[in-house]
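User: I would like to go through the labels given to this protein and see what each one rests on. Please start with the surface.

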Amino acid sequence: MSRVPRWLRLAGGVLVLAVLLWRFGTGPFAAAWQVTTVGSVAAALSLTVLATLANAWRWRVVARALGAPLTPGDSVVAYYRSQFLNATLPGGVLGDAHRGVRHGREAGDLGVGLRATVWDRVSGQVVQAGLLVVVLLVLPTPLRGYAPAALAGLAAVGLLARWLGRRQGAVAFIGRDLRTLLRPSVASRVVLASFASTAGHLAVFLVAVGAVGVDAGPSLLVAIALAVLVGSAVPLNVAGWGPREGITAGVFALAGLGSATGLTVSVVFGVLSAVSTVPGLLVLAADAVVRRHPPAEAAPTRPLEEARRG
């Protein structure tokens, strides 16, 4: 799913975590475990169900547009499986790679399966970035001064996509896919699904904030949450851990809420996010059972007269 070498993604996450431990010690991590309650876990599980349903819907929209349709049930099951693998394996993207490969094989076109998964993730992240820019521009928060930088970053992504879309040769498919996915009937549903997914993950972040007891206005917390969600997409992590904690600590410091508090919130958020992927473990367990005990093929039926002659 990413051209960044696996060892570099792992090393990046380990380095960030090591710096955070050196700077803050184990205090924020210990505090996070103390404030994580059964109620917060239950809330995160419920909210993640909604976000996963929205993600699976977006994936179906993208996959159908590219010619490899999925059923609702298959997409939800596959998404939970990939989320669990992302949350437990180094790099944070191996679950998506597995999802893309499996979908491609089932659809009879490995390339389309992988492209559908990549565009699913990319489109969600672009919508999150767009929401962050809007929030920074509109809401009066201490982070408002960073809106121009965020807008410039989003514009750079747009220019890169336009440049790649005009290229020929090995990357010519990017232009074709973009023209397909930017059709109003497709793009509108992708954006709506991404809004719903982002709202679910943002709500989980607010659950973590509430568990830690941060006293801040809703506008600021929404801006912080979106910044963390966008920053968490950096593929240099250890099963999702690393950049997310560093970014959260940094954004909290910029907002005047304290970097140590931000680190504690990020750890709680990481724990809630990881626990919320547990349904994916059940999917993997079911996969293992099916592999060990494949369903017996139904015996072909014969007409009654043929059966009597036999």
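Analyst: This is a predicted model. Helix α6 (residues 110-138) gives the largest share of the nonpolar surface patch, three residues. The patch is made by Val134, Leu137, Val138 and Leu151 and covers about 340 Å².

User: Why is leucine 137 called partly exposed?

Analyst: Leucine 137, in helix α6, has a relative accessible area of 41%.

User: What makes tryptophan 59 and tyrosine 79 an edge-to-face pair?

Analyst: Their ring centres are 6.0 Å apart and their planes stand at 75°. The limits are centres within 6.5 Å and planes over 60 degrees apart, so the rings of tryptophan 59 and tyrosine 79 pair edge-to-face. Tryptophan 59 is in helix α3 (residues 38-65) and tyrosine 79 in helix α4 (residues 72-88), so the pair ties together parts 20 residues apart in sequence.

User: How do you know whether these two residues are buried or exposed?

Analyst: Buried means under 20% relative accessible area. Tryptophan 59 has 1%, so it counts as buried. Tyrosine 79 has 3%, so it is buried.

User: Which other rings pair, and how are they oriented?

Analyst: Phenylalanine 205 and phenylalanine 269 form an edge-to-face pair, with 5.2 Å from centre to centre and 80° between the planes. Phenylalanine 205 belongs to helix α9 (residues 184-212) and phenylalanine 269 to helix α12 (residues 259-275), 64 residues apart. Both phenylalanine 205 and phenylalanine 269 are buried. The count of aromatic pairs is two.

User: Which rings does arginine 99 lie over?

Analyst: Arginine 99 lies over the face of tryptophan 59, at 4.5 Å from the ring centre. Arginine 99 also lies over the face of tyrosine 79, at 4.1 Å.

User: What makes arginine 58 and aspartate 120 a salt bridge?

Analyst: Their closest N and O atoms are 2.7 Å apart, and the limit is within 4 Å. Arginine 58 is in helix α3 and aspartate 120 in helix α6, 62 residues apart. Arginine 58 has a relative accessible area of 5%, so it is buried; aspartate 120, at 0%, also counts as buried.

User: Where do aspartate 287 and arginine 81 lie?

Analyst: The side chains of aspartate 287 and arginine 81 meet in a salt bridge of 2.9 Å, N to O. Aspartate 287 lies in helix α13 (residues 278-292) and arginine 81 in helix α4, so the pair ties together parts 206 residues apart in sequence. Both residues, aspartate 287 and arginine 81, are buried.

User: Why do aspartate 96 and arginine 121 get their accessibility labels?

Analyst: Aspartate 96 forms a salt bridge with arginine 121, with the closest N and O atoms 2.1 Å apart. Aspartate 96 has 2% relative accessibility, so it counts as buried. Arginine 121 has 25%, so it counts as partly exposed. A network of salt bridges links Arg58, Asp96, Arg99, Asp120 and Arg121. The whole structure has eight salt bridges.

User: How does the span of helix α11 compare with what is expected?

Analyst: Helix α11 (residues 243-254) has twelve residues and reaches 16 Å from its first C-alpha to its last, close to the 16 Å expected at 1.5 Å a residue. Its buried residues include Pro243, Glu245 and Phe252.

Conventions. Residues are numbered from 1 along each chain as its sequence is written. This is a predicted model: local features need pLDDT of at least 70, side-chain atom pairs count only at pLDDT 80 or more; totals for chains, interfaces and linings use all residues. Side-chain values use heavy atoms; hydrogens and water are left out. Rings of Phe, Tyr and Trp (its six-membered ring) pair if their centres lie within 6.5 Å; planes under 30 degrees apart count as stacked, over 60 as edge-to-face and the rest as tilted. Helices (H or I, at least four residues) and strands (E, at least two) are DSSP runs, numbered from the N terminus. Buried means under 20% relative accessible area, exposed over 50%, partly exposed in between (1.4 Å probe, protein chains only). A charge sits over a ring if NZ of Lys or CZ of Arg is within 6 Å of the ring centre and within 35 degrees of the ring normal. Patches are made of residues with over 30% relative accessible area and no salt bridge: like charges are joined within 9 Å, nonpolar side chains (Val, Leu, Ile, Met, Phe, Trp, Tyr) within 5 Å. Accessible areas come from the Shrake-Rupley method with a 1.4 Å probe; for residues, only the protein chains shown count as cover. The expected span of a helix is 1.5 Å times one less than its number of residues.
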